[in-house]
Amino acid sequence: VIFLLGAFDDKLNLNPNLKLFLLTIIISLTLWFDSSLIIYSLNFSFLSSELFLGKYSFIFSVLCFLLFINACNMFDGINLQSSSYFIILILYLIIIGINNDLINIILFSLILIFILNRNGKIFMGDSGVYLLAFIFSYIFIKIYNFDNKLTSDLIFILMMVPGIDMFRLFILRILSKKNPFSPDRKHIHHLLLNKFSSLKTLVILNFLILYPIILALVKFPKFIIILIFLFQYIALVFYLEKKTTKNDK
């Protein structure tokens with residue numbers, strides 16, 4: 001159903017509010033049928049106790065799905081961008097010992113998409129991004145609820161590049177009195193493309209995704225990783241926007 005919604009969006013360019021409503025219904029029904037996908041507490045590596053969500057558990061869980069799906073959809077901008085990101089996520093899961101038939105099928109599929117997308121013969125589109133973002137949300141929540149290999153701050157690190165960029169765009173659009181889901185050319189990949197080639201843009205984006213994950217793998221404090229990334233991200237965006245402004249003048 002998620003895939004079909006994305007396919008209709010690719011074909012008909014659905015209204016953002018309608019997409020959000022339909023996604024909310026689909027995800028809510030999914031959680032209603034499978035309560036093991038509900039996040040009841042938040043476990044951070046730098047806190048000794050969990051933060052229980054209580055009556056807000058269901059709403060928070062739906063919101064997690066919605067935010068990641070929309071973040072990934074907004075992050076999908078140039079060839080290999082989304083496929084590279086999802087491949088990095090799947091490789092991380094394999095490195096930490098999460099490996100099964102579903103993981104292998106996704107990895108094999110993503111490698112094929114990567115090869116074909118590189119040559120412009122196939123595009124992931126909303127249908128592919130919606131589906132993969134939903135599947136990864138499903139996988140991460142299942143691991144989080146039934147395994148101790150993922151904490152809330154680690155999941156944030158894995159998802160923070162598209163997530164933080166989405167948050168920045170939402171703020172900019174709201175301040176401009178626009179719909180938060182309205183399209184524009186202020187995404188991080190657009191800012192990078194104003195200065196760099198597509199290849200260099202892809203390399204920079206993958207670096208932004210990879211280095212926090214590598215630091216987390218070597219047991220660097222996750223709270224410090226997030227702070228370093230936020231500082232670097234703000235500095236990079238400020239630099240790119242300043243360069244864009246100068247070029248416009």
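This is a predicted model: local features need pLDDT of at least 70, side-chain atom pairs count only at pLDDT 80 or more; totals for chains, interfaces and linings use all residues.
Student: OK. How many cavities of 30 Å³ or more are there?
Tutor: One. The largest cavity has a volume of about 40 Å³.

Student: Which residues line the largest cavity?
Tutor: Leu172, Arg173, Ser176, Lys178, Asp184 and Lys186.

Student: New topic. Where is Gln81?
Tutor: In helix 4, which covers residues 81–95.

Student: Buried or exposed?
Tutor: Gln81 is buried, because its relative accessible area is 1% and the cut-off for buried is under 20%.

Student: What does the side chain of Gln81 reach?
Tutor: The backbone nitrogen of Gly77, at 3.4 Å.

Student: What is Gln81 in contact with, leaving aside neighbours within four places in sequence?
Tutor: Phe75, Asp76, His189, Leu202 and Leu205. Leu202 and Leu205 are among the buried residues of helix 9.

Student: How many residues does helix 9 have, and how far does it reach?
Tutor: Helix 9 runs over residues 198–217, so 20 residues. From first C-alpha to last it reaches 29 Å, close to the 28 Å expected at 1.5 Å a residue.

Student: Which other residues of helix 9 are buried?
Tutor: Among them are Thr201, Asn206, Leu208, Ile209 and Tyr211.

Student: What comes just after helix 9?
Tutor: Lys219, with a positive phi of about 70 degrees.

Student: Now Asp9. Is that one buried or exposed?
Tutor: Asp9 counts as buried because its relative accessibility is 3%. Asp9 is found in helix 1, residues 2–12.

Student: Which side chain makes a polar contact with the side chain of Asp9?
Tutor: That of Lys19, at 2.9 Å. Beyond neighbours within four places in sequence, Asp9 is in contact with Leu14, Lys19, Asp126 and Tyr130.

Student: Last one: Phe167. Buried or exposed?
Tutor: Exposed, because the relative accessible area of Phe167 is 54% and the cut-off for exposed is over 50%. Phe167 is in helix 7, residues 152–175.

Note on methods. Residues are numbered from 1 along each chain as its sequence is written. Side-chain values use heavy atoms; hydrogens and water are left out. Helices (H or I, at least four residues) and strands (E, at least two) are DSSP runs, numbered from the N terminus. Buried means under 20% relative accessible area, exposed over 50%, partly exposed in between (1.4 Å probe, protein chains only). A polar contact is a pair of N or O atoms within 3.5 Å; within protein, one must be able to donate a hydrogen and the other to accept it, and residues adjacent in sequence count only if both atoms are side-chain atoms. Contact means heavy atoms within 4.5 Å. On a 1 Å grid over the protein atoms alone, a cavity is a set of points where a 1.4 Å probe fits but cannot get out, and a pocket is an open set with protein on both sides within 12 Å along at least five of seven lines; lining residues have an atom within 4 Å of a point. Grid points are joined across faces, edges and corners, and a volume is the space filled by probe spheres set on the points.
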